[in-house]
Amino acid sequence: MNLWLLLAFTALAECRYQKRGALSCPNLCSCFSGAEVVCSQSSLTHFPIDGLSPDTSRLSIQSTRLSNVTASHLSVVPLLNSLQLYHNNLTSLPSDLLKGVPHLNILDLTGNQLVLLPPNVFSHASLHSLVLKKNRIEKVDAEWFSVNSSLTWLDLSGNRLTGIPSALLQKLPHLENLDLSHNNLQELQPDALETLHRLETLNLAGNKLISLKPTTFTHNLKLSQLFLQENQLRDLPATLLQGLQHLELLLLNQNQLQYLPSGFLEERESSLRMILTGNPWVCDERMEFLKKWLAVHRENVIFLEEVTCAGPEALKQRQVVSLTDSELGLVKSDKITN
């Protein structure tokens with residue numbers, strides 16, 4: 001009998017807890033254990049203040065018609081650690097947005113309609129990850145951040161950037177991951193990456209880069225992943241990768257490269273993986289270095305069989321690794337002329 005009473009009281013307590021939890025959950029949202037709230041109803045048009053628990057640590061508002069968020073809204077969740085506001089209708093942010101959330105580490109604003117952002121908008125001591133992917137941002141401002149920002153992850157991919165100011169990156173010395181892919185970058189300032197000594201992953205894919213300076217990555221000695229594919233790179237400096245002993249992945253596919261300079265891949269670790277496809281490789285004497293490197297490091301190249309000649313005509317579609325010295329015009333005559 002006592003056991004049945006205990007079970008009954010337990011069930012009643014659980015029912016009351018669930019009812020209380022349901023009452024404290026905002027309309028058009030779902031609440032989960034661990035202080036997580038997810039709002040993904042397309043009919044949501046305003047920030048869900050009513051019913052939002054002050055203990056909420058993770059808040060996700062996604063694929064709604066939300067067009068406005070303020071510091072006042074966020075002040076009701078002072079313990080917030082992660083805020084995801086992706087695929088909404090946000091066009092602007094107030095400069096004091098993060099004032100009331102001192103514990104915020106992750107801010108994801110993917111897929112909104114942000115264009116211009118005010119100074120100090122991300123001057124937030126504990127912010128470690130900032131995602132601004134797929135917005136309409138044309139210009140980034142160093143004044144967004146405080147000096148010596150704690151940010152380690154910055155994603156600005158899929159915007160309309162034509163440049164990245166050195167002054168902005170100088171405020172982000174702890175950055176480990178930087179994604180600038182699928183913008184309109186035509187060049188990098190010579191000292192743009194100079195202060196990013198902790199950078200491990202750099203994504204510059206899908207831009208309009210034509211060339212890179214020999215010293216572009218000189219100060220990024222921890223780089224392990226470098227994405228340069230889908231640009232308009234025509235040639236690369238022989239010393240571009242000098243000192244990058246931790247490099248494990250290098251993507252150069254879909255550029256305008258005709259050859260790689262002698263020494264470009266020297267002193268590479270055996271763990272390095274590369275993709276070289278989609279370039280108009282010209283198979284003449286300038287191809288000697290790459291051809292010999294490929295022959296020794298076949299396992300390092302992904303889609304090796306697709307690294308083929310674009311010219312001359314007689315060698316079109318031939319696999320670079322299969323070419324002979326004679327075909328590259330490297331065999332010299334042994335005849336002695338008087």
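First, a word on the basis of what follows. This is a predicted model, in which local features need pLDDT of at least 70 and side-chain atom pairs count only at pLDDT 80 or more, while totals for chains, interfaces and linings use all residues. Residues are numbered from 1 along each chain as its sequence is written, and side-chain values use heavy atoms, with hydrogens and water left out.

As for the overall layout, the domain assignment, which is automatic or taken from a database, divides the protein chain into domain 1 (26-129), domain 2 (137-226 + 241-247) and domain 3 (257-331). Between the C-alpha centres of domain 1 and domain 3 there is a distance of 49 Å.

Now to the cysteines. If we number the bonded cysteines of the protein chain in sequence order, the pairing reads 1-3, 2-4, 5-6.

Cys25 counts as buried at 16% relative accessibility, whereas Cys31, at 35%, counts as partly exposed; here buried means under 20% relative accessible area, exposed over 50%, and partly exposed in between, with a 1.4 Å probe and protein chains only.

Another disulfide is formed by Cys29 and Cys39, whose sulfur atoms are 2.0 Å apart, and with a torsion of about 105 degrees about the S-S bond the disulfide of Cys29 and Cys39 is right-handed. Cys29 sits in the loop between α1 (2-23) and β1 (30-32), and Cys39 in strand β2 (residues 36-39), so the pair ties together parts that are 10 residues apart in sequence. Helices (H or I, at least four residues) and strands (E, at least two) are DSSP runs here, numbered from the N terminus. Cys29 counts as buried at 14% relative accessibility, and Cys39 counts as buried at 0%.

The disulfide of Cys283 and Cys309 also has an S to S distance of 2.0 Å, but its torsion is about -95 degrees, so this disulfide is left-handed. Since Cys283 lies in the loop between β13 (281-282) and α4 (288-296) and Cys309 in strand β15 (residues 309-311), the pair ties together parts that are 26 residues apart in sequence. Cys283 counts as buried at 1% relative accessibility, and Cys309 is buried with a relative accessible area of 1%.

Let me turn to the rings. A pair of aromatic rings is described by the distance of the centres and the angle of the planes. Searching the whole structure gives 3 aromatic pairs, the rule being that rings of Phe, Tyr and Trp (its six-membered ring) pair if their centres lie within 6.5 Å, with planes under 30 degrees apart counted as stacked, over 60 as edge-to-face and the rest as tilted. Among them, Phe122 and Trp144 form an edge-to-face pair, 5.8 Å centre to centre with 85 degrees between the planes. Phe122 lies in the loop between β5 (106-108) and β6 (129-131) and Trp144 in the loop between β6 and β7 (153-155), so the pair ties together parts that are 22 residues apart in sequence.

Phe122 counts as buried at 2% relative accessibility, and Trp144 is buried with a relative accessible area of 1%. Finally, ring pairs link Phe122, Trp144 and Phe145 into a cluster.

Notes:
Disulfide = S-S within 2.5 Å.
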